Structures are given as structure tokens and as C-alpha cells.
Amino acid sequence: MEKYEHQIKQWLKENQARAARLLQLLVRENSTRGNESSTQAIVIERCRQLGLTLDIWEIGGDELKSHPAYCCDRESFEGNPNLVAVLKGAGGGKSIILNGHIDVVPVGDESNWENDPFSGLIECGKLFGRGATDMKGGNVALLMAMESIIANGIKLKGDVIFQSVIEEESGGAGTLAAVLRGYQADGAIIPEPTNMKLFPKQQGSMWFRITVIGKAAHGGTRYEGVSAIEKSLKVIESLQQLEKDRNAKITDPLYNKTPIPIPINIGKIMSGEWPSSVPDTAIIEGRMGVSPNESIQSAQLEMEICLQNLCKQDEWLKKHPLKLEWFGGRWQPGNLETDHPLMNELTKSYIEIKGEMPVIEASPWGTDGGILSTVGHTPVVVFGPGITEAAHDANEHIILEDLFAASKIIALTIMRWCGIADS
């Protein structure tokens, strides 16, 4: 094993420039929702060159759309396929899934970018562009790790199942489709931008909509109406208290450095049509965090009870109850023991490459890891080279040295986890 590990590290060191060029190619392609195909084509061709067994398909169908974990509002996936590429093992070892999403979020206001959002510019050891850190850099780390094993003629016992999926940013339909297609493994690594931290646990989340009913009136006699905006303030106060109560119950040390482990965020409020009118409707939309060790359903129930209690205390809301809906994005929570064998192997590899213990925390956001673990029954660790704070932001970038180090860490973990077959 020691001989192979030296070969892997040396090969990856000599091929750093190739890794940077591959990431540039991926970043220069706009793979926002509905436009994933051109970027996916680059990944498919690279996997074809590596001699992997390819499974390329357009997701959809009744089995996917009727699944309880499916939450996508996209009408068509046509022309933007999922990819699974398998490096078949000789047998007798543990299998591993390497999962990355190819879709990226929109660039936002381009005037906030110092350069073209899809430039792939390399400057001062950083590569810039939408998706560089979330998470095309992580995908390149996976591809380079696999290529280093193949290029050195190393035959593994267990299967390596590389997944390049669509729709992660909108709820995970691509990974769910891969699970339902039958892809499971003894372990999985998702290289989301963790700042090189190890996340064995991931927060889940879901979107909610609350409709508040008031009574319209002229602004000059507003006392004859009931302002839906004013009633919505009571709703927000109740949600803030619910957030405090829910977070007070979390004692997991992996959240010690996280100010609010499972936030309830108000992201959008819509109300009123005329300054001189009392608004009769207000709509509140937001995101509710779900802890790693609770279900989506139990978290939903807590909010439902919270709003029911508010309605009981308010005479107007008692007669005009709030309407709660769960819509749009929904990410399953993930929960892995910190001493799981996959965590142990990843930690050993990290120490060997970085010369120090990794930081182990819980993810502050949802990932496709929840689907792999809760639906696919595959143990998941989220670990990647990207910068958490740069994800979804203008001037998104990745530190290339972290990408190169992550490639080595993941490659060593794959060999140790899958095992090396007798030559």
C-alpha cells in the first residue's frame, strides 16, 4: 500500500496543471439550471477517456416524481442528463460513491463581479468563476483522484461509482434519480465546499409559505380594517421564538462553533397593493432548518403546532387561521457517526497529506448527502476543497492548493476503503 500511495501523490503533484485546466474548462461553461448539458459533456468525455463504464440518462418518470423525497418544480429535464461512471473492482472490497453536482446557481448582478462570471481566471493561486467552489472544484478533485489510480495501474477490490448529477441546487432530483436507478455503496464522499473540513452530519432544510389573511379598508380609516402586515409581524415573532426553542435542544458538539445550527429564515414577504389601503393578504416565504437527527416530518409538525398556538391566542387569527404550505426545495438531513470507518479512513488520509488533524463539524446547509443516506442507505461524509463563504457569492473562487490536496486525500481514501487487489 505504501508504494502505491507514494505513486499516487507523485502523479497528482505532476498533474496539477492538468487539474487546473480541467476546472477552467468546466467553469467556462454556464451550467445553471436547464443548461447543464455542455458542462456534463466535458465530464462524460473525461470519464470515457478513463475507460469507465458509463450510464447516461435523462431523469424523470413516475417513480422519481412520486417519491416522497422528490421536490423539484422543473418541468423538463430533456437534453440535460445525469451521469454515473463506474470503475469496476476485482471483488472482495468495499464500494464507494463519489457524488458531485454539475449545476450552479445564477450569477446574480454581474456588476458585482470583477471579471466575467464564467472566466475561469487564475490569479494569485485562485481560480475564479461561478461554480469554481460550488462545486466544480470538488468534481475535479474526484476525477483527478480516480485518474491517478487508473494511470498508475492500480486495481481496486471495491467498485468506485462516480456520479455527476443535475438539480442539487433545487432539491436533489439528480441524486435521487441515481439512487432509484439502483446505485448504492458501502460509503460515499461528496466534495461540497467545506473549507477542507469533514462534515459527517448535514443540516436538512425545506421551504415554507404562510398566508396571512386581514381585512381591507381605506388607509384614512385603517381602524376599520385588519392589516395582514401587522398580523404577519406576530407570525414572524412566533417563528423567531420557535427557532430559539428548537436550537436550545441541540447539544451536539459538532455545532459548537455554529451560532444558529438550524435557522428559520424569512426570505420573502409579499403584501399590499396600494399605499392608502389596509392590506388584506400577506404571504411569508422562508427556509426551515432540520437537524441531522430529526425527520422532515417532525420538524414540519413543530412549525404547524407553533402557528396553531398563535391562532389560539389571537382573536382575529382564531377566526381567520393561517395557511401553511411546504413547497419548492427540500433537502434531507444526514447523520453519520464521527467514528464511522469511512470517517476514520478519511481522517488518516487527511493527516498524511496535511500533517494535522482535520476540523470535524456539522454542515450548516443541506446537501445531496441526505438523499444518499436516508433514501440510498449509504454512509456519507461531506468533504471538499471549496470555500464555504464564496459559494453563491459574486467573485466566487477556489484556492487551487486546496483542490490539489483534496485530490490526494480522496485518492488515498479510495484505495484504503476499496482495498487493492492482488496483481
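Which residue in β7 does Leu98 stand opposite? Leu98 stands opposite Ile189 in β7. This is a predicted model, in which local features need pLDDT of at least 70 and side-chain atom pairs count only at pLDDT 80 or more, while totals for chains, interfaces and linings use all residues. Residues are numbered from 1 along each chain as its sequence is written, and side-chain values use heavy atoms, with hydrogens and water left out.

**Strand β3**
- Strands here are DSSP runs of E with at least two residues, and helices are runs of H or I with at least four, numbered from the N terminus.
- Six of the six residues of β3 (residues 96-101) are buried, so this strand is largely enclosed by the rest of the structure; buried means under 20% relative accessible area, with a 1.4 Å probe and protein chains only.
- Ile96, Leu98 and Gly100 lie on one side of β3, and Ile97, Asn99 and His101 on the other.
- β3 runs parallel to β6 (residues 160-165), joined by six bridges, and Leu98 has Phe162 as its bridge partner there.
- Two bridges join β3 to β7 (residues 188-190), also in parallel; strands pair if DSSP finds at least two bridges between them.

**Nonpolar core**
- A nonpolar core is a set of buried Ala, Val, Leu, Ile, Met, Phe, Trp, Tyr and Cys residues joined through side-chain atoms within 4.5 Å.
- The largest has 88 residues, and Leu98, Phe162 and Ile414 are among those that touch the most other members.
- Helix α12 (residues 400-418) gives the most to this core, with 13 residues.

**Glu5**
- Glu5 is found in helix α1 (residues 2-14).
- Glu5 counts as buried because its relative accessibility is 6%.

Conventions:
Buried < 20%, exposed > 50% of the residue type's maximum accessible area, 1.4 Å probe, protein only.
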